Amino acid sequence: MEEMRIVLAGFGGQGLLFAGKVIAYAGLIENREVSWLPSYGPEMRGGTANCSVTLSDEPIGSPLIMDPTVLIAMNQPSLLKFEETVVPGGLILADTSLVTRIPERDDVKIFPLEATNMAEEAELKGLANIVLVGKLFKETGFCAPETIEAAIRKAVPPRKAALVEKNLQALKMGMES
Amino acid sequence: MAEKVLMKGNEAIAESAIRAGCRFFFGYPITPQTELAAYMAKRMPKEGGTYLQAESEVAAINMVYGASAAGARVMTSSSSPGVSLKSEGVSYIAGADLPCLIINIERGGPGLGSIQPSQSDYWQATRALGHGDFQMVVYAPSTVQEMADLAYGAFDVADKYRTPVMILGDGMLGQMMEPVELPEPKTELPEKPWATTGHGNAREKNVANSLYLVAEELERTNFERFERYEVIKANEQMAELTDCDDADIIVVAFGASARIARTAVRYAREEGIKAGLFRPITLWPYPKDALDATCAHAKAYLSVEMNMGQMVDDVRLVVNGRAPVEFYGRTGGVIPTPAEVLEKIRSINEGLGD
């Protein structure tokens, strides 16, 4: 499988690091090479946050992604910051509940999705991140279907086990969108 | 095979140290090593160990000194400015010939600098972290797995040679997660007949001390320590060579910058440039022997670092004029890109001609 370099970017508190962790766990379960790197500036809730996740069959060089094959953007500043870095042939997933201007590039595939609104309407507030992971799975099949569920179960910490079902619902919603 | 888990580099070092028998951790918080101390705070009490957040870095390193004198496996961790504060204590520990593990998850400097990744403490780590005639073993892991493996083995090396050992990481390695297979917990630890554990008048007293008022006595201990350093140099050099056998251009890089250099070297090979990667795993002792062997065929060297050019000194000492040694680096917390390194490799290659 081709190396997949994913940048997830948005506001702090949207669960981007967690979404990245779910993708990383999927790679771990399938015994692939995986790296996950958060931005760790003076971040705070409401500020910008991003993380880089690489899935590969070869040892991974820099975990900091400069040329993503996938961008998941959950707000407008993040889209602006990263849209030009996506390689030709790459994917941009934009949460259009918060992103108002869609990129005009014609050399990448763009998937607008009102993930935040969808999650809120389904009483899954705060799980737009996982809706987008579901959408990414639908568009790329970056792992086996059973793996993605297992990844959610691994990524949710034991003390929050009650949230597994909601995460799975959000995932399904993204996969069916 | 144990199950692989996804862990941050900082956490992997902490867990691995506990599995190596470390039961005392003394530290003071600082970004980007925070998760290491936080992990210790959570785990140490469950293992019957001691986690203590000291009132300062100076206090923490002196607690390390005390626990080590009493024979415990002990460690501290910090990031660049905090490590500087610990330097006096590390010198005392070296002077008293005591083992311990010190972690530096480097950030940009000098001064308070930035909190982003850097490798600008290379000189500090490899020349002497503190005053006086001493050195210490310095490891430079470049993956989370290697952080776990080196932390696990570091205590054995520290005990064997009675020396402080450092793991020199950086904010990128500390913060990133990768799959890691953790080592089995150690059940037997080496005897420490020199430890100050109380003797009930059954033996001569043991003393941990770095003060010698008679010059000749101090000179004798320094001579003795430097004889041990020669043994360390002979036995403990570690490096990883990738595609170096037929390489014209050898890129030398450690830790996080070695990951970037590895990608650049792969791109260069795809363009038909004969490049290779030499990755020191021990920064002290520097893996001189393995690097020296590459001088038989390499036509140029490029040291890639996240600083203004520090390890390049060691590369030049080994190459000793037999080939040009160039440098590429970014600093202050800026991370070099594979494309930048590739550009530098290309320009060196053009200079080589046919």
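1. Helices here are DSSP runs of at least four residues, labelled H or I and numbered from the N terminus. With that in mind, H1(A) is followed by A:Asn31, a residue with positive phi, near 60°. Please remember that this is a predicted model.

2. The helix itself, H1 of chain A, covers residues 16–29, which makes 14 residues. From first C-alpha to last it reaches 20 Å, close to the 20 Å expected at 1.5 Å a residue. H1(A) is also mostly covered, with 13 of its 14 residues buried.

3. Which residues have the most contacts inside the largest nonpolar core? They are B:Leu101, B:Ala151 and B:Val251, in a core of 168 residues. H1(A) supplies the largest share of this core, ten residues. Domain 1 (5–235) and domain 2 (240–352) of chain B both contribute residues, so the core lies between them.

4. Setting aside residues up to four places away in sequence, B:Ala151 touches B:Ile13, B:Ser16, B:Ala17, B:Ala20, B:Leu101 and B:Ile167.

5. Is B:Arg279 buried or exposed? This arginine sits in strand E11 (residues 275–280) of chain B, and B:Arg279 is buried because 23 other C-beta atoms lie within 10 Å, where 20 or more is the cut-off.

6. Beyond its neighbours within four places in sequence, B:Arg279 is in contact with B:Ser142, B:Ala239, B:Glu240, B:Ala253, B:Phe254 and B:Ala258. The C-alpha atoms of B:Arg279 and B:Val341 are separated by 15 Å, and the two residues are 62 residues apart along the chain.

How values were computed. Residues are numbered from 1 along each chain as its sequence is written. Chains are lettered from A and ligands numbered from 1 in the order in which they are written. This is a predicted model: local features need pLDDT of at least 70, side-chain atom pairs count only at pLDDT 80 or more; totals for chains, interfaces and linings use all residues. Helices (H or I, at least four residues) and strands (E, at least two) are DSSP runs, numbered from the N terminus. The expected span of a helix is 1.5 Å times one less than its number of residues. A residue is buried if 20 or more other C-beta atoms lie within 10 Å of its own, exposed if 12 or fewer, and partly exposed in between; C-beta atoms are placed from the backbone. A nonpolar core is a set of buried Ala, Val, Leu, Ile, Met, Phe, Trp, Tyr and Cys residues joined through C-beta atoms within 7 Å. Domain bounds come from an automatic or database domain assignment. Two residues are in contact if their C-beta atoms, placed from the backbone, lie within 7 Å.
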